[in-house]
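Here's a quick tour for anyone opening this structure for the first time.

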Amino acid sequence: MRRTARGIPAVQGIPAAHPARRSRAALGTLTAAGTLLALLLPTGPAAAVQHSHRSPAPQTAAAFWTAARMRAAAPLDLAAPAHRPGTAVPRSAPLTVSPTLPRTPKAPAPLLPATLPQAGGPWTGGGAVTKTTGRVFFTYQGRTASCSGDAVTSGNKSTVLTAGHCVKLGGAWHTNWVFVPGYHDGEAPYGKWSAAKTLSTPQWTASEDINYDVGAAVVAPLDGKKLTDVVGGQGLSFNSGYSKPMYAFGFPAAAPYDGSKLIYCSGTTFKDPLFSGDHGLACNMTGGSSGGPWFTSFDEKTGTGLQSSVNSFGYQFWPNAMFGPYFGDDAKNLYTTAQST
């Protein structure tokens, strides 16, 4: 998240930041959970912006992602997003969606990890989260890159939630997009699920507003089956407030992590006192964890919860803190659109 891997150059061909943004950056750079650098720039008037993208050939993406390419994919990073005074996340009445799980043989009781708080470590608890959470792989600016994502309960049984910058960045939608649930060191135990369509909030697609850094993908069936029939789907919670006990999961790939296993953090969240309206959590996850789920009402025994945010960014001058967007009405609208596709 905060650490930029040495040896990976900044993305070329993107104009320098506006002077006002550079002055804000002097206070400290915001970086997303990753290591390919890119400036957040407006992409034009909202009316001209497409809020979703259809893959022209989703069936070819899975074949593109060999074990070697997945291991070599660099985690994605953001630098110096603009502070937008007065940005408010629309809210309404709280809404929750329950998890759904496929029928599977009963497994032995897992070795549960330590309870709250946890600033970062491997998840040893087993349960549904080991199947619903996975790595996201895509091509960005001609490079292979990675984030994290989560399968959620949905009407189409095919919806994955992630960060907005994990589907679109710098005005361009990512290509060769796949979700690999239960990823482990180049292995895809539940398959590689190619995106038929990727989506994000209007605020992210129009101007890459960090308060709305939420993305979604509708994945194509695999071997005649739909995603949540295979791995299950986590629940969701919208407009649920701040200062909640939460668990965050992801596949950080920048040092000291290597992207090979599922990592988690847990604790009571706080509201970002600086440049966003996001949740904050003490967490040392690094590049590649972007898009990984945050859960309220998380049950360590079953590995299920209500997804209430995603890993989004961190401040370079504030180590070991992760921030994730508040799931308000726009995140809810994005979910509703995705699951209806």
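A salt bridge here is a side-chain nitrogen of Lys or Arg within 4 Å of a carboxyl oxygen of Asp or Glu. Keep in mind that this is a predicted model, where local features need pLDDT of at least 70, side-chain atom pairs count only at pLDDT 80 or more, and totals for chains, interfaces and linings use all residues. Residues are numbered from 1 along each chain as its sequence is written, and side-chain values use heavy atoms, with hydrogens and water left out.

**Salt bridges**

- By that rule, the count is 3 salt bridges.
- Asp229 and Lys157 meet through their side chains at 3.2 Å, N to O. This pair links distant parts of the chain, 72 residues apart: Asp229 sits in helix 6 (residues 227-231) and Lys157 in the loop between strand 7 and strand 8. Helices (H or I, at least four residues) and strands (E, at least two) are DSSP runs, numbered from the N terminus.
- Asp229 is partly exposed at 42% relative accessibility, and Lys157 is partly exposed at 35%. For these labels, buried means under 20% relative accessible area, exposed over 50%, and partly exposed in between (1.4 Å probe, protein chains only).
- Arg71 pairs with Asp185, with their closest N and O atoms 3.4 Å apart.
- Lys332 and Asp329 form a salt bridge at 3.8 Å between the closest N and O atoms. Both residues are buried, and they are separated by about one helical turn because they are 3 residues apart in helix 7 (residues 329-339).

**Strand 8**

- Both faces of strand 8 (residues 159-162) are covered: Thr159 and Leu161 on one side, and Val160 and Thr162 on the other, are all buried.
- Strands pair if DSSP finds at least two bridges between them. Strand 8 runs antiparallel to strand 7 (residues 143-151), with 2 bridges, and Asp150 stands opposite Leu161.
- Strand 8 also runs antiparallel to strand 13 (residues 215-219), with 4 bridges, and Val160 stands opposite Ala217.

- On a 1 Å grid over the protein atoms alone, a cavity is a set of points where a 1.4 Å probe fits but cannot get out; lining residues have an atom within 4 Å of a point. A volume is the space filled by probe spheres set on the points, which are joined across faces, edges and corners.
- The whole structure holds 2 cavities of 30 Å³ or more.

Technical notes
On a 1 Å grid over the protein atoms alone, a cavity is a set of points where a 1.4 Å probe fits but cannot get out, and a pocket is an open set with protein on both sides within 12 Å along at least five of seven lines; lining residues have an atom within 4 Å of a point.
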